[in-house]
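Subject: Handover of a structure for your review

Dear colleague,

I am passing a structure to you with this message. Please look through it before reading the notes below it.

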Amino acid sequence: MERPVKTFCIALSALVAAACSFTKDADPPDAPSIVSTDTIGVIEARVVLPPSAEPLEAYDRYYALERIGQHNLVHGVFLLRRSFGDVDRTGMVSLGSRPNVYRGASTDLPIVADGGCAVVSVVFDPVSSSFVQIEEESGAQFTAVCNGLA
Amino acid sequence: MRLTVNGETREAPDQATLADLLASLGIDGRRVAVERNREIAPKSLWSQIVLAEGDQLEIVQFVGGG
């Protein structure tokens, strides 16, 4: 009877050690894994779309966190609904409180080449509560950018 | 001078700017954000930011959307 108990204790120790080594390298417990509803609200209240874009409500909006060093930036991808209404949303979850808004992991963000202003991107830093310039034409005046054209 | 870029050690010429570094890495700067020493470096300043020995840089390209 002693041997099974000893084996169990060894197995349990190994399990605890594995769990500890996993948590050591993982993000801190308070690190968010999805974009908060509040942050999405701030982005959508403040985003300034390029002049060639349509109103925000015409787009399905997809949000995910992108890790860069010490920052978790929010990457938003807006797809014009009438052009991309059937896009693959696998992994993205609808935000019930806000129509046509989805959030998930960055690996699940839809990827669309070209498309002009049917595809709009935005990057936001929740810590400084400011938009991050990702193209020359974005920045103070327009906080989001359209895709290129083929 | 020696820099750390996305966790890897890189050499760059003295007085190199952040824009110079990105060009040398073959990154065209579209849909890219850079963190330098834990601060997001505004794209409008990339050509003015002179890198220094030991700088820690993280570069990410936003591929979703296009």
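This is a predicted model: local features need pLDDT of at least 70, side-chain atom pairs count only at pLDDT 80 or more; totals for chains, interfaces and linings use all residues.

Residues are numbered from 1 along each chain as its sequence is written, chains are lettered from A and ligands numbered from 1 in the order in which they are written, and side-chain values use heavy atoms, with hydrogens and water left out.

Chain A

The secondary structure of chain A consists of 3 helices and 7 strands. Helices here are DSSP runs of H or I with at least four residues, strands are runs of E with at least two, and both are numbered from the N terminus. Along the sequence, the order in chain A is α-α-β-β-α-β-β-β-β-β.

Of the 150 residues in chain A, 41% are buried. Buried means under 20% relative accessible area, exposed means over 50%, and partly exposed lies in between (1.4 Å probe, protein chains only). Chain A has an accessible surface of about 8400 Å², and carbon and sulfur atoms hold 58% of that surface. Such areas come from the Shrake-Rupley method with a 1.4 Å probe; for residues, only the protein chains shown count as cover. Among the contacts in chain A with a separation of 6 or more, 63% are between residues 24 or more positions apart. A contact means heavy atoms within 4.5 Å.

Helix α2 of chain A has these buried residues: A:Thr39, A:Ile40, A:Gly41, A:Ile43 and A:Glu44. Their cover includes β1, β2 (71-80), β4 (101-105), β5 and β6 of chain A.

A:Asn147 lies in the segment after β7 (145-146) of chain A. With a relative accessible area of 7%, A:Asn147 is buried. Its side chain reaches the backbone oxygen of A:Val112 at 3.0 Å.

Salt bridges

Side chains of opposite charge can pair when their charged atoms come close. The rule applied here requires a side-chain nitrogen of Lys or Arg within 4 Å of a carboxyl oxygen of Asp or Glu. By that rule, there are 8 salt bridges over all chains.

One of them joins the side chains of A:Arg61 and A:Glu44, at 2.8 Å from N to O. A:Arg61 belongs to strand β1 (residues 59-68) and A:Glu44 to helix α2 (residues 37-46) of chain A, so this pair ties together parts that are 17 residues apart in sequence. A:Arg61 and A:Glu44 are both buried.

In chain B, the side chains of B:Arg2 and B:Glu11 form a salt bridge at 3.2 Å, N to O. B:Arg2 is partly exposed at 47% relative accessible area, and B:Glu11 is exposed at 56%. A further salt bridge links the side chains of B:Glu8 and B:Arg10 at 3.8 Å, N to O. B:Glu8 is partly exposed at 48% relative accessibility, and B:Arg10 is partly exposed at 36%. Through shared partners, salt bridges also join A:Glu44, A:Arg61 and A:Arg98 into one network.

Where the chains meet

The contact involves 20 residues from chain B and 26 residues from chain A. Together the two chains bury about 1800 Å², with 60% of it on carbon and sulfur atoms. Buried area is the accessible area (1.4 Å probe) that two parts lose on being put together, summed over both.

Between chain B and chain A there are 0 salt bridges and 2 residue pairs in polar contact, both at pLDDT 80 or more. The elements of chain B that give two or more residues to its side of the contact are β3 (32-36), β4 (39-41) and β5 (56-61). The largest share, 4 residues, comes from β3(B). A polar contact is a pair of N or O atoms within 3.5 Å; within protein, one must be able to donate a hydrogen and the other to accept it, and residues adjacent in sequence count only if both atoms are side-chain atoms.

Backbone angles

Most residues other than glycine have a negative phi, and most peptide bonds are trans. A:Ser129 has a positive phi, near 55°, and sits in the loop between β5 (119-125) and β6 (130-131) of chain A. B:Arg38 also has a positive phi, near 75°, and is found in the loop between β3 and β4 of chain B.

Yours sincerely
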